[in-house]
Amino acid sequence: MPIFFTPLYLIAAMVALMPVVLHLLHRRRPRVVPFSTLRFLQQAMARTRRSRRLRNILILLLRTAILLLLVLAFARPAWQYGEQVGVQRRTLLLILDAGATMRVEEDESLFERARQWALALVDSLEAGDRLAVVGAGLDSPFLVYPPVSDRERARNILLDMQPGYGAGSIALSVRDALRRWRAEQADSGLEIHVFSDFRAEHWSRRKQEALSDQLDDRTILFLNRVRPRMVANAGVIAARFEPPVVVGERRWLRVSPLIRAGRDFNGSLSAQLWLAGEEVHSSTLALTPGQDHKADLLARPGLADGSGISGRVEISGRDMFAEDNVFFFSLPKVEEVKVLLIADNADSAADGALFLRKAIAPSGDRHALYSVRMISGRDFAAGEGIDDADIIFLSGYSRLHEAARSRLVRQVGTGTVLAVFPAGDDAGADFFHRFGDWSQLRVSLRESDGMELAPVLAGQDEYAHPLQQRIERALPFAVQVPLLRRLHFAGLPERSSRVMSYADGSPFLWTAPVGRGRLWVGSLGAGRAWSDWPLSPLFVVVVQNILRESAGRLEPSLMTEVGGALDLPWPGDGLRKDAELVSPDGERQPISLDRRGQGQPFSIEGFSQPGLYGLHIGGRELTVAVNLPSSELTLDYPTPPELVQGIGGIRVEQAADWQELRSRLVLLKSGIPLWPWLLAAALILTVFEELLANGLSRGRRGVANELVASQIGDLG
Amino acid sequence: MRNPIQQLLSPADLIRLRNLNISSRFTVEGSLQGAHRSPHRGFSVEFADYRQYVTGDDMRHLDWKVYARNERLYVRQYEEECNLRVYLLVDGSRSMAFSGDQRRSKYHFAIRLAAALAYVTIQQHDSAGLTLFDRDTVCELPARQGRRHLRMIGERLLDHTPRHPTGLARTLHRLAEQVQRRAVIAIVSDLFDDLDSVGKALAHFRRCHHDVIIYQVLDPAELSFPFTGAVTFQDLETGVNLMAEPNEIRRAYQQEISQFLGQCKAVCAGLDLDYSVVDSQSSPVEALRRHLARRTNR
């Protein structure tokens, strides 16, 4: 709505009457000019009567409008936006993104740039203005709340702020701050200034829309973008470990970091594997901007310590975001894996138990970490306990009656791994249907005429399980399996993965999660009745990898993110346990851990920075690896229009620096000055008036001279 | 007291007029033997045609060259030459008193032009007459030769002051009846009269085989209409006032007068009249010189 800063000048609007008065006065006293004949004048007057009348009215209106515009310009009108930016007392909510990505450096860190910007805004406030300060991503984000008029206090808070290593969930922080504000200050207008890099992860359209529900027309939102000019960064966003847990005394470890290159990153870098403070392997990678790259780092870690193996993957080179150049890891150690073998005849080559037993513990060492117990199918069917088994190998399933099958399904659902190999006359899918909604699964028996050498192909199946790669690495040659019969599978359940396939596409081995456990299903029996594959290295490799894969699920993960929690299963009855947490800086902090009930894990929090933490609990020493949150590993910046596409119904302003913000604030506070527009309009109308009143006639006089010359013949 | 012609024409003007000649584009009838073509054929200076010899023809006019070619006898025919009469019709109506820039009026230009034309006519030993008119004939002088007659023409022109409205068409009709023999009729006027009537009168002259010259005298202000500001225009002939804003009507006025001049030109062209528009602020002597030179070159 318009407002007038010098309304007194509106009185001068009376001057707009001047053209009318002058027009009336002017008409009465024209000079007298004798003329030879009025004949042509009269004809001309008759012809132009209507156009003259219109023209005169238009000129009069133009002159009146010009004067009116001039008077209005002097009254200094401005167009003001509602009442969000108060002319008198303002209330501001400053939200600074203190997430890990605000540590990105370009001359200075983004957080420092945001801080200086916020300080400039604070310094520009007037006495009586109130402000609150929120640090998004900090453990205690409400640094100054409720809003205060003590600017010095707010300045000091801003100066003391430091960015964290956690997720800067800006949209959530704004929403939380607004909820608190609405509960306490329902009727006041509010300026929300958010200083952030507004990455897509934390300012997606969906999050904007959720935030919009909290905003109303008494709020004005300022999105102050603090961003690097270029994304010349590379970081480790994830890593795979093989084996995923330390099983016994390992002889090798493969670490495969996934490195993401920013859109402006060019060149190569070196990825290094560090164990126990020592670089054990490095690899050089040439990176393509905007692409992910995988490296392979190998190590022979030697004897693992009590808790497992810990270390870090580091990429060399200084880039704009140093914090994502390191990935910490801690792999737990598993002492013993209880394996239960269900077969009818442990010594029967046809049955498969013999070969399975050999494949589980090839060396036969009594210190082997897999303790194998065998029961017959009959004993199992009779109800013998399987509750303490970590992994169950089942050779032949069609002999099991309903109760036994149900026991198996329940056991797998609680977290046990079940590997099933057919035997005897096994076929049909009804055994598998009870593991889930697998009604589409079809199983049939394919028999060959004599021993067939069937190639087993790796393929590029998108559903391939990672175990396939490990098998390929173990057996780099082409795999061919001599077989008499095999199971053919079709309609595999959702979320299933296959490990290698036959030429007809049927899986050689497939797996699927069942509850908290996992099911592995082979197409060939573990005995020689179906094929000779138990005699091949492939059989041992497959069984060993199933064991390792399953063993990795047995121990809790010792890796988490900043701001995250670690669930630590702990035997015993107590619901509370004292422990000590040692930060990467060496700071020791006693902590008290609680759990909801027996059998539930203890939840450990308090990981505020990346690194390797020591956890001393119950006589055990564990190493916990903490990395940056995954949400902080991608520097993806939406465009300014994308930042507001999900926000509707309120005024949103954006700025890239303090100067721009200041200009916007001045405009919003005092409104858009209208006087330049009024003067411009008056000038344009003046030009029109001049053209209409005189300019056209001057042109006609010029034409008249030519007319005179043309009419007077060669005598004059 | 100065000769009235000398009041109208300066010595320099007279010098410039001395070598000019005016003639008729058509044959004329004159009573004296002069330098102009006569419609009557006889034995005179200028060869006109051949005819076969008949008994009694003057042997001196036999063309022997023709005989040598054709072995036939032919005599030459000659055109009889006689004197020219120029009648000056000068518009002395009130509209001719207009002067756009208050310097010289159209009437002042017209009488100087008429005086120059009379001078040229009499200078070449031809006869000049004058009819000065407004709504009626103001004065009339027959076509005569001689310097005394020239002075009288000058006196009549100078004595008149435009006061009354025009009666151009009526005057032309009457004069067409009066002038019996073919002559040159030079009309000096602004032609601000009913064009239909004027056209009929001019046609009357042409039917009588007169060579009509029309000098339409206009002031530049009447064409360009340079006035500004609100003005009350007063008709010099009727006295009627009309208030107008010249800027508003200038274009339309120019179109009207341009249309009128076009009609005048068309009427004159249709009657084979020698028509020219002359600028009243220019030199009448120069205007006459150019016009006569053009007539000679046709």
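How many helices and strands are there in chain B? There are 10 helices and 11 strands in chain B, while chain A has 16 helices and 37 strands, where helices (H or I, at least four residues) and strands (E, at least two) are DSSP runs numbered from the N terminus. This is a predicted model, in which local features need pLDDT of at least 70 and side-chain atom pairs count only at pLDDT 80 or more, whereas totals for chains, interfaces and linings use all residues. Residues are numbered from 1 along each chain as its sequence is written, chains are lettered from A and ligands numbered from 1 in the order in which they are written, and side-chain values use heavy atoms, with hydrogens and water left out.

**The two chains**

- Of the 716 residues of chain A, 50% count as buried, and of the 298 residues of chain B, 54% count as buried; here buried means under 20% relative accessible area, exposed means over 50%, and partly exposed lies in between (1.4 Å probe, protein chains only).
- Among contacts (heavy atoms within 4.5 Å) in chain A between residues at least 6 apart in sequence, 74% join residues at least 24 apart.
- In chain B, residues 24 or more positions apart account for 74% of the contacts with a separation of 6 or more.

**Where chain A meets chain B**

- On the two sides of the interface, 37 residues of chain A are in contact with 51 residues of chain B.
- The area buried between chain A and chain B is about 4200 Å², of which carbon and sulfur atoms give 63%; buried area is the accessible area (1.4 Å probe) that two parts lose on being put together, summed over both.
- The rule finds 12 residue pairs in polar contact across this interface, both residues being at pLDDT 80 or more; a polar contact is a pair of N or O atoms within 3.5 Å, where within protein one must be able to donate a hydrogen and the other to accept it, and residues adjacent in sequence count only if both atoms are side-chain atoms.
- The elements that give two or more residues to the side of chain A that touches chain B are helices H1 (18–28), H2 (39–47), H3 (49–74) and H16 (675–711), together with strand S2 (31–35), of chain A, and the largest share, 9 residues, comes from H16(A).
- The residues on that side of chain A divide into 16 nonpolar, 12 polar and 9 charged, with Ala, Val, Leu, Ile, Met, Phe, Trp, Tyr, Cys and Pro counted as nonpolar, Asp, Glu, Lys and Arg as charged, and the others, Gly among them, as polar.
- S2(A) and strand S9 (residues 231–235) of chain B pair in the parallel sense over 5 bridges, and the bridge partner of A:Val32 in S9(B) is B:Thr232; two strands pair if DSSP finds at least two bridges between them.

**An enclosed strand in chain A**

- Strand S28 (residues 517–522) of chain A is largely enclosed by the rest of the structure, because 6 of its 6 residues are buried.
- A:Gly517, A:Leu519 and A:Val521 point one way from S28(A), and A:Arg518, A:Trp520 and A:Gly522 point the other way.
- S28(A) runs parallel to strand S23 (residues 417–421) of chain A, to which 4 bridges join it, and it pairs in the antiparallel sense with strand S27 (residues 507–514) of chain A over 6 bridges.
- The hairpin of S27(A) and S28(A) has 2 residues between the strands, and in this hairpin A:Gly515 takes a positive phi near 55 degrees.

**Salt bridges**

- The structure holds 40 salt bridges over all chains, a salt bridge being a side-chain nitrogen of Lys or Arg within 4 Å of a carboxyl oxygen of Asp or Glu.
- Across the interface of chain A and chain B the rule finds 3 salt bridges, including one between A:Arg52 and B:Glu248, whose closest N and O atoms are 3.9 Å apart.
- A:Arg229, which counts as exposed at 60% relative accessibility, forms a salt bridge with A:Glu106, which counts as buried at 12%.

**Backbone details**

- The peptide bond from A:Tyr145 to A:Pro146 is cis, with omega near 0 degrees, and A:Pro146 lies in strand S8 (residues 142–148) of chain A.
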